[in-house]
Every structure is written in C-alpha cells, then in structure tokens.
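This report covers selected helix packing and some chain totals. Please view the sequence and structure first.

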Amino acid sequence: MPERDVNDLDRFWEDIAAGTPPDASGIDPTRADTIRRFHATNDVPGADPAFLDRLLEDLMEAQPVPSSILFSTRSSSLTTNPNGRSVVSSWRPIFPAPPIVGRRRWGLAQFATAALLLVTLGVGYLAVGPLRPGPDQPSSLPAAVAPATPSAAAATPAAATFSRAGHPVIGAWQWDYEPWSPGRNLSYAVFDADGTYVEYHDYPYVSIGTWRATGERTVELVEVRQAPRSLGFMFEPDYAVTQPAVAGNAITAWRTIEIDASGTALTATGYYEPRDGDGGVIARWEFGRSGLPLTATRLAPVPTAVASTPTS
Amino acid sequence: MRNLIGVKPRPAPTVPTHQGGGGDTGLVALAKLDRRAFAPLYVRYADPVYRYCLRRLGTKEAAEDATAQVFVKVLAALPSYRDDAPSFRSWLFAVAHNVLVDVERARRPAHDLEDAALVVDCAPGPEAEALTAETRRDVRALLAAVAPDQRRVLELRLAGLSTAEIAGALGRPAAAIRGIQFRAEARLRLLMGVVTPRREARDA
C-alpha cells in the first residue's frame, strides 16, 4: 500500500475515533464505510464518575504499594492474579512528597525521631558552633546542622548586601532529596561565583537559577526546572515555539540554604511549585519531610593523572 | 487547572486525539517529579482506559478493577518511562493490554478454549450470516467474531491509538499492525454486511 494511502487511512481512523469530521478522500469508500459503521457500534458506557474520583484519590494519596493492598477492600482479580505480578515499588520522586494525612501514626514516629535528631544536632551546634574559632574548625563537627529558617518569606532585600565572593557555597554539590533514605534520590549542582546555578538530575531534568548570599554561610536560591526533552518538537522543520511549550510544565523553586561549618555539607528548606502547560501554579509543596531538610555534600574535584609522553 | 486533585474526570466519551496524545510529554515529565502532577494525565485517559477494559472484560466491576490496576502500575513504572516510546498513550495502553492479558488468564479455562476456537476460525464462515442486525451493531459481538490479533488492534483503534501507537502497545512492527488491520477490516465488512461475502471473497 502506498505510504500516502497508509497515512490517509491512519488519519481517517484517528479522526473517526476522535469524533472529528474525517477526511475520506483517497480512501476506498467501502473501507471508509466499514470503519464508520464499526465505530458507530462503539457505544460502551463510560466509567462511573464516582469510581474515577475514588481511584484518583487513592492514586494521589497512596504510597507505592502492591495493588493487592491498595485495593484490598474489594474481592477482585487484583488479589487473585495468578502471575503474582505486583507493583514495582520504585516510585522515586525527585522532589519528595510531603507527609500524607492517612499515615499519621508513621508520621508521628518520624516526627518524634526528627525532633530528637534536631534537638541533638541543635545542642551540638550551639555547644560547638559559637565557639568555632574560624574556618579551620575541628573536623569532628556534625555534618548536618539544624535546618535553615523556612523560606516561605525568604526573599529579604537585605540579603543582597552580602558578597558572593569567596562564599562557601561556591562549587559543585550532590543534593540528596530524600535524606531519610540516603542515596535514593540524588542530583548534581554547581553554584558559580557569578550567581549562576545549574542542576542536573538523572531524570531528564535540568534546573537553571541564581543564588545570592544572605550571610557568611547562608544562601537563597531561586530556580526553574524543566525537562529539556520536551523541546524535541524543535527538531521539526516547521516548528513553532509557543509560550506554554517553553514556560509551561516547569517547576519553580525557592530554597534557603545553610552551609555547615566544615564547608562540605549543607541543608536546605523551601518550596516548589509545579506549573501547568499555561504556566499557572498547580500547587505549592514544601521540600523535605517531617521537618527534615534537604541535604547536600560538596563534590571534591578528582585530580587527573597526567600521562607522561613515552620517550622510547 | 489550579487544583488538580479536585478535578472531576471528564465525563464525555471522547477519545484523546493523536495531537492530544503527543502533548503528554511535558505532563509526563512533570508527573515524574511528583505523583500529584499525574492527575491531568489520569483525567485525560482514565475513561478511555476504562472503556478499553470494559470492551475486553465485559462487566463494569471487572473493568473498574482492571482500570485501577492499570493506573497503579503506570504510576509505579512512570519513572522508567522513556520519551522514545511512540507516545505516553501507547505506553499506557501497553500496560493496560498486559494487565488485561493477566486478568483474562486468571479467568476460567473456557475463555482460552474460546480464544483458541477463534484463532482457527478467522475465515469468513456461516456465523457471519448468523449475526443479526442487532449484533451487527454490538461492538463486543463484532470483536468476538474476529481473530484475537485483529481484535486487539481494533480495540486499540477504538481507543483512538494510531498505527504507530498500536504497534508500540502490542510490541509488533507497524507493518504487521497494518496487515492485521487490513484483514480485520475485511472481516468487519463481511460481519456488518457492508459488502456481500461473494464480493469479499473476490477482493481477498
């Protein structure tokens, strides 16, 4: 079948399925009639809106658990799957989900643990931090410190008065978005001395942003995160860049960051806003979980050995 | 679209167009960041997936269970979704197809025998004449009267997928899908009485 006929037929099927007036030119009238009549039989009823609502709520609130647990209230094929296939518990959001109301008991335990940890770290910090003589502080300081002040109202005009020059945030860092599960959700970032911020995640996401110093060891960061692959449409010869294509489906984020006394670890709090295709804010979610801030560790440059030129 | 969680699923029996399916990339990328951003995709595809399941399974309860399984699995597997798939819709219906295969296997063996009978009974036969005017307008009766591979392609066509997307969902080359579809059309022509069996035989 010629390619053009194939495309015409494909388009005809798609138009019919979408309920748009189909273009039957170039298609055998008998085939077109068959497809039309077949689609006319497609009168299966739609889903119960109450079911769809309930399922959406379950999906949004549930942790990645086997379907047999998630839907255990109904005796169904979900629990009798003979293949024993279960849902892969591999949901790994770049930005960790905030606590869920339905997990209050677990949340309470986490809160208690976090509180204990923070008190311990806070006491340690207060005991040692103020006595710190300078940048050559003892190496026995805890790697993490108490979280920075929540940043919902982080933008402080006075912040710009601090110089970026020589700021300890400058350099390359490895973020851990789920410090309660170390190493599970990492990304890599560079704070440049000129205020530029770039972050790359192994998911196809890249952040660009800017930072400013708010203190000797504190920083504010704003960023826009986007999936560069969504720009693939630009490979088309007749592409058109629309505002939603460039600005939509992005995430804007704000963080306040505090670098520890050693200069090799930092913590951050803040929030992020997923945006829809029109650039509108879908929601505002806090970074971290149960009071635990994000953490990052400094990436040290690896010296490369210079190969000597063979002389013989 | 300010409050995704509160969005009511679209009640109208519309099928996403190819253009709509192609516009999912950004939403999928966003949903990888947080499952709550998956809501727009769910709203877009929950009803087509449910209808696909209902056509395959026949009962509301089974279709609801299967739909739930599909979206649980899709959410769990979303981080592994790659942009080089034909489309998110193709990937979604591949998951749905696999779930339905599992569900159908779990049913009583009679279904397998029924399928086996259909495999060998894919040529025009007396049952075509036996289809009443009523059953000729019943999509499930029509789908039951075509070979299983043809049925799979037609079901995905009804769900609005393109040839490339169907190929992706079923894991077969597009050329094979076109061949199956061609034979399915010929079979449907006969079953629905679009042309007489004599004409059908001559065309074949």
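## Helices H3 and H4 of chain B

H3(B) passes H4(B) in a right-handed crossing; a crossing is right-handed if the near helix is turned clockwise from the far one by less than a right angle, and left-handed if anticlockwise. Their axes, H4 being residues 60-77, come within 8 Å and cross at roughly 135°. Axes are lines fitted to C-alpha atoms, for helices over the stretch in contact, with angles from 0 to 180 degrees between N-to-C directions. H3(B) and H4(B) are therefore oblique to each other. Angles under 35 degrees count as roughly parallel, over 145 as roughly antiparallel, 65 to 115 as roughly perpendicular, and the rest as oblique.

From H3(B), B:Tyr42, B:Ala46, B:Val49, B:Tyr50, B:Cys53, B:Leu54 and B:Leu57 meet B:Lys60, B:Ala62, B:Ala63, B:Ala66, B:Thr67, B:Val70 and B:Phe71 of H4(B). By class, this contact has twelve nonpolar, one polar and one charged residues. Nonpolar covers Ala, Val, Leu, Ile, Met, Phe, Trp, Tyr, Cys and Pro; charged covers Asp, Glu, Lys and Arg; the others, Gly among them, are polar.

## Model and conventions

The model is predicted: local features need pLDDT of at least 70 and side-chain atom pairs count only at pLDDT 80 or more, while totals for chains, interfaces and linings use all residues. Residues are numbered from 1 along each chain as its sequence is written, and chains are lettered from A and ligands numbered from 1 in the order in which they are written.

Helices (H or I, at least four residues) and strands (E, at least two) are DSSP runs, numbered from the N terminus. Two residues are in contact if their C-beta atoms, placed from the backbone, lie within 7 Å.

## Helices H3 and H5 of chain B

The axes of H3(B), residues 39-57, and H5(B), residues 88-106, come within 11 Å and cross at roughly 30°. The two helices are therefore roughly parallel to each other. H3(B) passes H5(B) in a right-handed crossing. The residues of this contact divide into ten nonpolar, no polar and two charged.

## Helix H11 of chain B

H11(B) (residues 174-192) has 19 residues and should span 27 Å at 1.5 Å a residue; its end C-alpha atoms are 26 Å apart, which agrees. The expected span is 1.5 Å times one less than the number of residues. Just after H11(B), B:Gly193 takes a positive phi of about 70°.

## Chain A

Chain A has six helices and nine strands. Of its 312 residues, 29% are buried (20 or more other C-beta atoms within 10 Å of the residue's own; exposed if 12 or fewer, partly exposed in between; C-beta atoms placed from the backbone). Among contacts in chain A with a separation of 6 or more, 53% join residues 24 or more positions apart.
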